[in-house]
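Dear colleague,

Please read the notes with the structure open beside you.

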Amino acid sequence: MSDQLSNAQPQFLTVGEGEAAREIAMLVRPAQAGSGAPALVWLSGYRSDMSGTKAVELDGLAAELGLACIRLDYSGHGLSGGSFGDGTISRWLEEALAVIRHVAPDRIVLVGSSMGGWIALRLAQELARQGGEGPKLAGPKLAGMVLIAPAPDFTSELIEPNLKAKERKSLAERGYFEERSQYSPEPNIYTRALIEDGRKNRVLDGIIETGCPVHILQGMKDADVPHAHAMKLVEHLPADDVVLTFIRDGDHRLSRPGDIALLLSAVKGIIRSSTNRQMPD
């Protein structure tokens, strides 16, 4: 399977026009003929890309089961063009939506990690809204969602309330502030544009109706997104079939072999419920 994965060649899609145009890299695994199952769509976290452990493992599951799998790098991430500093939730959402519409699967399962969980929830809202505006805008049907340490509204819920005076000053004077990253030697950069745009993309300010089953995986030792945040998200999903799995010793990344096994099991469960067919354990 590793050869099958490593031979995949990225494709590029231009999103936006004029000065806002950027080349978005995507890796698309076609479904085996007659699969009938939904395509898997991977949505990375902040500063993560489509070549990370969880993304590659998801693609491996798709290869094993004969499913389509769509991965992309947001602008300023991985193989995609554009500046990271220009990134906002609206911009990255636009790119994910453009890639999904370009590939045009009939049904999809969104698998979002951290910030990717926020983008998954916004995608569900946009697909539902645009689908009601006529067949030209109608996208694929959402068959399910698996969210890993989801961070919806992280700019307004987790960053803004904890800003230090020097960070507020940096935002006001320079338009961004930096924060040490435990995952990279390069600091995390949070821009004023990202924070202001985040307020416009809030999902935890009312009922979220995805119209599909949702499985949330959350580590209880997550230093970036507290597990209370996952519980708050569940409260905003009263109409959906939601499973919340707490991993007692799990961190934010949830990339250990046992974590990956839980992820793949959750995805199989969503596929099983959407196709009423047996998935191998």
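**Cysteines and aromatic rings**

The sulfur of C69 lies 17 Å from the closest cysteine sulfur, which belongs to C212, and this is too far for a bond, since a disulfide needs the two sulfur atoms within 2.5 Å. For the structure as a whole, the number of disulfides is zero. Please bear in mind that this is a predicted model, so that every value here is computed from it.

As for where these two cysteines sit, C69 has a relative accessibility of 0% and therefore counts as buried, and C212, with a relative accessible area of 5%, is buried as well.

Turning to the aromatic rings, the structure contains eight aromatic pairs. In one of them, the ring centres of Y46 and F154 are 5.9 Å apart and the ring planes stand at 65°, so this pair is edge-to-face. Because Y46 is found in the loop between β3 (39-43) and α2 (53-65), while F154 belongs to helix α5 (residues 154-159), the pair ties together parts that are 108 residues apart in sequence. Both of these residues, Y46 and F154, are buried.

Which residues form one aromatic cluster? The cluster is made up of Y46, Y74, F84, W92, W118, F154, F177 and Y190, and it therefore includes both partners of the edge-to-face pair described above.

Definitions and conventions
Residues are numbered from 1 along each chain as its sequence is written. This is a predicted model: local features need pLDDT of at least 70, side-chain atom pairs count only at pLDDT 80 or more; totals for chains, interfaces and linings use all residues. Side-chain values use heavy atoms; hydrogens and water are left out. Buried means under 20% relative accessible area, exposed over 50%, partly exposed in between (1.4 Å probe, protein chains only). Rings of Phe, Tyr and Trp (its six-membered ring) pair if their centres lie within 6.5 Å; planes under 30 degrees apart count as stacked, over 60 as edge-to-face and the rest as tilted. Helices (H or I, at least four residues) and strands (E, at least two) are DSSP runs, numbered from the N terminus.
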